[in-house]
Amino acid sequence: MSDIIEKLSQNRDLSDDEFRTLITSDDPILAKELSAHADAVRRENYGTAVFLRALIEMSNCCVNNCLYCGIRRGNIGLERYRLSPEDILMCCEVAYQLGLRTFVLQGGDDATFTDSYMCALIAKIRTRFPDCAITLSIGERSYESYKRMRDAGADRYLLRHEAADEELYSRLHPSEMSLENRKNCLRSLKKLGYQTGAGFMVGAPFQTADHLIADLRFLQEIQPEMIGIGPFIPHRSTVFANENKGSLALTLKMIGIIRLMFPKALIPATTALASSDPSGRELGLKTGANVVMPNVSPLSVRKQYDLYDNKLSSGEEASEGLESLYKKITEAGYTVSQERGDALKDPEIEAVRFKRNPYV
Ligand code: SF4
């Protein structure tokens, strides 16, 4: 094994210079070694299990205007929808019958999702499906709001930070959005005991290796239980319509690096990865990813959750393609888990936390 990968495996860290060398290397042997090592670390921690998350895309309404996003409020050509609480419960029921034990309620930053609306919905799901994990992914909110939803029964929260570098963040988002606020939201979620998911795009416009290093450093600060990264894919109705999509090789490399830095993390082989390349999902799994998120939203709205061009919402990325998905996972050398798939505790991180505050 090359020295740099050996060092990353041992220390879970590298200097900025070493990260830069690894990220910018186009040596296929190094990439292969990284992938093999990341897979070994994933097997040491989670065996061959691949955890399934039922993805319910609740609403494509969003008050924000992120420059890269197909459902941003400025995209006036998009037909908007919002599932009713009854629709969402029906999606949970379908997912449960299919053996899925985590529901991910994802949507734009939709003003309809008030605390009382969300708490009532979470409480209903919690009562009806007590053995399932409830994951939320509905954007930036106040500490109090996150607390109410946690108290109502939510277990996990996904909030990709997308770009941890101030300058890059400001080139991808309108001026009314703040990176510091997003980072503080993630800090709040951790404090409240959510299994917290952060993450970022690979190959976004203007992104450099140093920006990716900033993402890794921020992940080191947050220590998320879940880390979602996927290639940037342009959307035809955004200012980035003509930009190149992020490279599959670099996305895989970042997944491998993250697996070595965060051995206990839950890392999805994202829909963006599967949408970007026909074998993207399986390559992601072979490079350390251990989660897939089949879409269980009603067929009638799937095309409208149009984050980027050619986003997959059928076949193996959806509930009706589960059999085929299971076959592909098995053929890739892994096993489908029917468990909730909570993150394992990391003894090294727990020890640091205990040192800081032994009474928590
Ligand atoms: S990335 Fe998220 S917050 Fe930004 S516009 Fe799209 S849905 Fe809204």
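Met293 lies in the loop between β8 (291–292) and α13 (299–302). Helices (H or I, at least four residues) and strands (E, at least two) are DSSP runs, numbered from the N terminus. The model is predicted: local features need pLDDT of at least 70, side-chain atom pairs count only at pLDDT 80 or more, and totals for chains, interfaces and linings use all residues. Residues are numbered from 1 along each chain as its sequence is written.

Met293 is buried, because 23 other C-beta atoms lie within 10 Å. A residue is buried if 20 or more other C-beta atoms lie within 10 Å of its own, exposed if 12 or fewer, and partly exposed in between; C-beta atoms are placed from the backbone. Setting aside neighbours within four places in sequence, Met293 is in contact with Arg53, Leu55, Val104, Pro268 and Thr271. Contact requires that the C-beta atoms of two residues, placed from the backbone, lie within 7 Å. The C-alpha atoms of Met293 and Ser319 are separated by 9.4 Å, and these residues are 26 apart along the chain.

The protein chain holds 15 helices and 9 strands. Its radius of gyration (taken over C-alpha atoms) is 19 Å, close to the 21 Å that the globule rule gives for 360 residues, so the chain is as compact as a globular protein of that length. The globule rule is 2.2 Å times the number of residues to the power 0.38. Of the 360 residues, 45% are buried. Of the contacts with a separation of 6 or more, 78% join residues 24 or more positions apart.

An open sheet is formed by 6 strands in the order β2-β3-β4-β5-β6-β7, with parallel pairing. Two strands pair if DSSP finds at least two bridges between them. The edge strands, β2 (54–59) and β7 (226–231), each pair on one side only. From one strand to the next, the twist averages 20°. Angles run from 0 to 180 degrees between N-to-C directions, and axes are lines fitted to C-alpha atoms, for helices over the stretch in contact. β5 (residues 156–158) and β6 (residues 195–202) pair over 3 bridges. Tyr157 stands opposite Thr196 in β6. Helix α10 packs on the sheet and touches β6 and β7; its direction makes about 165° with that of β7.

The largest nonpolar core has 97 residues, of which Ile56, Phe103, Ile227 and Ile258 touch the most other members. α10 (residues 248–261) gives the most to this core, with 7 residues. Such a core is a set of buried Ala, Val, Leu, Ile, Met, Phe, Trp, Tyr and Cys residues joined through C-beta atoms within 7 Å. Beyond four places in sequence, the contacts of Ile227 include Leu219, Ile258 and Phe262.
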